[in-house]
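Please look at the sequence and the structure first.

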Amino acid sequence: MKKIITLLGVCLFLAVGCKDNKEVGAENVNSMEQANMIIEYTNSVVDYMNDANSFINSRERDFQKLIELAESKKIRYSSDIPIDALFMNFRIGGTKDKDAKMTQPPTVLSTEEQEFFKEKVAFYKAQRDLLSGTAVTYIKYLKNEDYKDDNWAKAKEYAEKIEKAYNNCMDTRPLISAKIDEVTERAEEIILADSPIKDAIMTVKADLKSVQNLVNTFYIHDEEGGKKEELDKLYTELEANLEKHKGMYVDELTKENSLNSYVNFYSSVVNNLGDVRKVLRKVREGKKLNDSDFSFLTRVNNNAVSSYNRFI
């Protein structure tokens, strides 16, 4: 089972509705209306994926436990069986109409871009739903002790489904995130063109991506190894940029009443660097990272995302 990557997408900018349905492709948009269509759509995908990622992350141990039960064919305590309500009651935000729109990208995108989102977002959502649905069915099977009738045969099937769906989510998520970055680049330029704090926004966004890249690399190192030097470099660059940027754009931000949220972003990230250094120290020493280490990294990432979204 692959380690979950905590990289979270971020909300971009507040969008307004538009009736312009001319297909131009993301890199060729030339109006505020077209840009807003793209941002409104990608924001809905980002919101869903953040919720889905939080669910998967919160239940990661339980997924692993269910897989291990199928392998060991042994239940020692009732606590070995996860609580099914935690899978059934987790609320993925939005209504059915909102969910449906995620697979209906705006026609201002190119045909290729539309097809990508239709296919990948639908697949990601289906795999996320399969994860929770299979887990609930599997837990019921365990509670009813049906494994005594089939010598754990169904357990093996359920475990394989869970592991495959989990890995599919892990593989598909970065593809969607990369595509979102690609199709929103021109739209952001248009929306921010006349903003007096454009440079500040782009600086904060770049630093957030550096945080996410660093956290993501910790997970890749845990999965594949060989990232010690890269982690050192990424951390050193991040620390230097945070120090350089935290006191910039004071006059512009003050005029727009955005200075406090800008400062709070940098304070949030800087204050969490101690936790990052603890994990980095273990990597340097060749030690194996544990769940507590990844909890630290997840918190650093999530706090940075929240602070960024409050700023914009």
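## Helices α2 and α5

Helix α2 crosses helix α5 in a left-handed manner (the near helix is turned anticlockwise from the far one by less than a right angle; clockwise would be right-handed). Helices here are DSSP runs of H or I with at least four residues, numbered from the N terminus. The model is predicted: local features need pLDDT of at least 70 and side-chain atom pairs pLDDT 80 or more, while totals for chains, interfaces and linings use all residues. Residues are numbered from 1 along each chain, and side-chain values use heavy atoms, without hydrogens and water.

α2 covers residues 60-72 and α5 residues 111-143; their axes lie 11 Å apart at an angle of about 50°. Axes are lines fitted to C-alpha atoms, for helices over the stretch in contact, with angles from 0 to 180 degrees between N-to-C directions. α2 is therefore oblique to α5 (under 35 degrees is roughly parallel, over 145 roughly antiparallel, 65 to 115 roughly perpendicular, the rest oblique).

On α2, the residues F63, L66, L69 and A70 meet L131, A135, Y138, I139 and L142 of α5 (contact means heavy atoms within 4.5 Å).

## Helices α8 and α12

Helix α8 (residues 198-224) and helix α12 (residues 273-284) cross at roughly 30°, and their axes come within 12 Å. The two are therefore roughly parallel to each other. Their crossing is left-handed. L214, F218 and H221 of α8 make the contact with V276, V279, L280 and V283 of α12.
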